[in-house]
Amino acid sequence: MSKNRVSKTSSSRTVQCISRDNGFTLSFFAMASLCEVLIDTHDKKLAIRMGNVAANEAWRIEDKYSRYDKNSLCSEINANAGNRVEIDDETYHLIEFIQQCYDLSDGEFDITSGVLRKAWFFDGSDNIPSKKRVNELLNFVGWQHIEYSPTYIMLKKGMEIDFGGIGKEYAVDRTIVLLSDIANIPVLVNYGGDLAVSGQKKNNEPWQVGIEHPSFTSDTSSFVTLTSGAIATSGDANRFLLKDGHRYSHILNIKTGWPVELPPNSITVAAPKCIQAGFLATLALLQGIDAEEFLKEQDILHWSIR
Amino acid sequence: MQLKKQNKSNLKALLTTATCALLGGTVQAATQANTEETWEFDTALMHYSETDRVSATEVIIAGKKTFVNDEVLSLKLTFDTLTGASANGAVAQPTPQTFTRPSGNGQYTIQEGETPLDDTFQDTRVQFTGQWTQPWWEGYTVSVGGNLSKEYDYTSISVNGNIARDFNNKNTTLSIGTAYAYDLIEPEGGIPDPLSAMLIGDSDDPSFESEFNATRIGSDDNKTTFDVLFGVTQVINRKMIVQFNYSLSTSSGYLTDPFKVISSVNANGEAQEYLHENRPDDRTKHAFFGQTKYHFDSGFLDASYRYMTDDWEIESHTFDVRYLIPFSNGHFIEPHVRMYTQSAADFYQPFIQEDAPLPDFISADYRIGDLDTYTVGLKYGIPMDNNNELSFRLEYYHQAPKSNGTEAIGVLNDVELYEPIDAIVAQVTYSF
């Protein structure tokens, strides 16, 4: 689920390098998030080089798949709904992955659901849309209406896709691939709370990772130790509607167009790859009250905040 | 949730397969599309100035480009200009001394009590080096390079190759390297006949030129140098790395300095003539080098020691310590101390007595005599935007030639035979 976004123009594309114990932290701003890459090396030039590779990859993915960027491929696909838009190998693989997520989730994970935002404004108000309006919009929702091949994608007129649910996680995984190609040293890639690690730290020491959450206060924040793999977090406690004492979460059931009942405020999932963790966290939220049970049944390590 | 219940046992497995295709399949295409291959540049302006002697200005432009598959190309261009005077090897005298310039074009006079310096020392040098380094197969890195250096009267060409192997999770690296250099010297005025006396006459005399030419044996000469280097680098822990090198260097050919002479003195220490020096035409050096870098909480220590010995009986010890102290604003300061001590070559003599038998090899060049040098310096670095860096270096360098035990005789007791030299090095570097 997409989180609060900050205008891209608010930051320039620079990479900061800060020395810390055991190495360097390279930080930059991408995909509306603070992005950090922790590199355990004392070779500053190498760290800077790896930081630049990470930032360039994050920016590349942002430029290509952000629906907020009018020049992105995502915007091009949406703007040309009804027509075929040419895609490259990378996009095809990403769409294939989304297709499999759609299948695995029995159609609950659907990147065309963004259209429903035209009816739902999760601003804390009591502004609940009419059933009629939601049903109208549901005509433009449904991954099954998407036609694609290795070379093109075509949306039905009026439909939109949004890579926001997996873009950041994908960027984390891609960055890990690129960085481990450069050097076999311990690296932690953290893009706005979605993160993955690679390489073995000295003495096989784990990384200590704080689970980020907008509503966290110091007494509820928790640390996770990670020696390999990734974690991703879904949810946003500050986005909901309240009417007649009923709290409407911003997690929408794609079948009904209506909010899921009682999902956790946030759920953090561990998986070998960040994109897997991201998908599982989103899928868990879609189970509403059963979110934790769903993950438990699947034997998936997770941390839930309600 | 019906379908998910069916998938209950294999959701993770199915997801793994799906992800494999995604993250495995796009590596190539995406790598090409986005990894920026940028050049890193270092530019430096250095000024070296000895009190009353040589001063040198050097401009360095170095570029390094790292390609996606870890290939590294380094190129470096250096321009030097040297001006000033350098010791010609003769001893100071209580009376003025006249010398003929090595070119044969005119003469110069040195005042009483002063160390004879040849003031025609002037040269411009252009040097170009290139190095290509790349991973070879699993765990191996190879590197090849070349160097070309050209001065007015000197040309040097060299090639080198190196292969390194990582072991032990890249914590240990063994390397072996070799280099070959060819140097050609074409001094203005030609190569002097070894051990012949410098012609001191009236340079305006019509017969001077032919007499001068009689002290010359050719217009140029050359030498070749072959080096082999073995190295081991070991990561001790996350804070410490050590390195040991052994290198063997053999030179053969013209190893004499055509501009250096030695005073031949009488029993009272008074110079009678100046003989052109002569050095063996072979030299074998062994050097042992150890270095450690340690990351303290407060900074980085870089300490090294080198021991060199050769078959000219020169032995030297070099201690070099740098400590980089970073500040919280990203600036850093790096104090530097270097100490060097060397014992003289077996054919070194500050002067020779005219009635003593003339050895085959002899040189009064203080640079192969007993010598201590000290360097103390400071570097200050300022980070700039986009990871660029500006740094300043200021160093004081002191050279103290020492007696090799030769007893001064007669008038030589009243002059400075081993004049120390002070120099200042100032450098500005901008890396971007």
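Chain A's secondary structure comes to seven helices and 15 strands. Helices here are DSSP runs of H or I with at least four residues, strands are runs of E with at least two, and both are numbered from the N terminus. The model is predicted: local features need pLDDT of at least 70, side-chain atom pairs count only at pLDDT 80 or more, and totals for chains, interfaces and linings use all residues. Residues are numbered from 1 along each chain as its sequence is written, while chains are lettered from A and ligands numbered from 1 in the order in which they are written.

**Chain totals**

Chain B has four helices and 25 strands. A residue is buried if 20 or more other C-beta atoms lie within 10 Å of its own, exposed if 12 or fewer, and partly exposed in between, with C-beta atoms placed from the backbone. Of the 306 residues of chain A, 46% are buried. In chain B, with 432 residues, the buried part is 18%. Two residues are in contact if their C-beta atoms, placed from the backbone, lie within 7 Å. Take contacts between residues at least 6 apart in sequence: in chain A, 61% of them join residues at least 24 apart. For chain B that figure is 62%.

Two packed helices are described by the angle between their axes and the distance between the axes. Axes are lines fitted to C-alpha atoms, for helices over the stretch in contact, and angles run from 0 to 180 degrees between N-to-C directions.

| Helix pair | Angle | Axis distance |
|---|---|---|
| α5(A) (167-182) and α6(A) (274-286) | about 160 degrees | 7 Å |
| α1(A) (44-65) and α5(A) | about 145 degrees | 9 Å |

The angle of about 160 degrees between α5(A) and α6(A) makes this pair roughly antiparallel (over 145 degrees; under 35 is roughly parallel, 65 to 115 roughly perpendicular, the rest oblique). Their crossing is right-handed; that is, the near helix is turned clockwise from the far one by less than a right angle. On α5(A), the contact uses A:Glu169, A:Tyr170, A:Val172 and A:Asp173; on α6(A), A:Cys274, A:Ile275, A:Ala277 and A:Gly278. These residues divide into five nonpolar, one polar and two charged. Ala, Val, Leu, Ile, Met, Phe, Trp, Tyr, Cys and Pro count as nonpolar, Asp, Glu, Lys and Arg as charged, and the others, Gly among them, as polar.

α1(A) also passes α5(A) in a right-handed crossing. Contact residues of α1(A) include A:Met50, A:Val53 and A:Tyr65, and those of α5(A) include A:Tyr170, A:Leu178 and A:Ile182. This contact divides into 11 nonpolar, two polar and two charged residues.

**Single residues in chain A**

A:Leu286 lies in α6(A). A:Leu286 counts as buried, with 23 C-beta neighbours inside 10 Å. Beyond neighbours within four places in sequence, A:Leu286 is in contact with A:Glu108, A:Ile251, A:Asn253 and A:Val260. Its C-alpha atom is 8.7 Å from that of A:Glu261, 25 residues away along the chain.

A:Met31 sits in the loop between β2 (23-30) and β3 (33-39). Its phi is near 50 degrees, a positive value in a residue other than glycine. A:Met31 is buried, with 23 C-beta neighbours inside 10 Å. A:Asp106 lies in the loop between α3 (89-104) and α4 (131-138). Phi of A:Asp106 is near 55 degrees, again positive in a non-glycine residue. With 16 C-beta neighbours inside 10 Å, A:Asp106 is partly exposed.

**A sheet in chain B**

An open sheet of three strands runs β17-β16-β22 in chain B, with mixed pairing. Strands pair if DSSP finds at least two bridges between them. β17 (271-276) and β22 (352-353) are the edge strands, each pairing on one side only. β16(B) (261-265) and β22(B) run parallel, joined by two bridges. B:Ser264 stands opposite B:Ile352 of β22(B).
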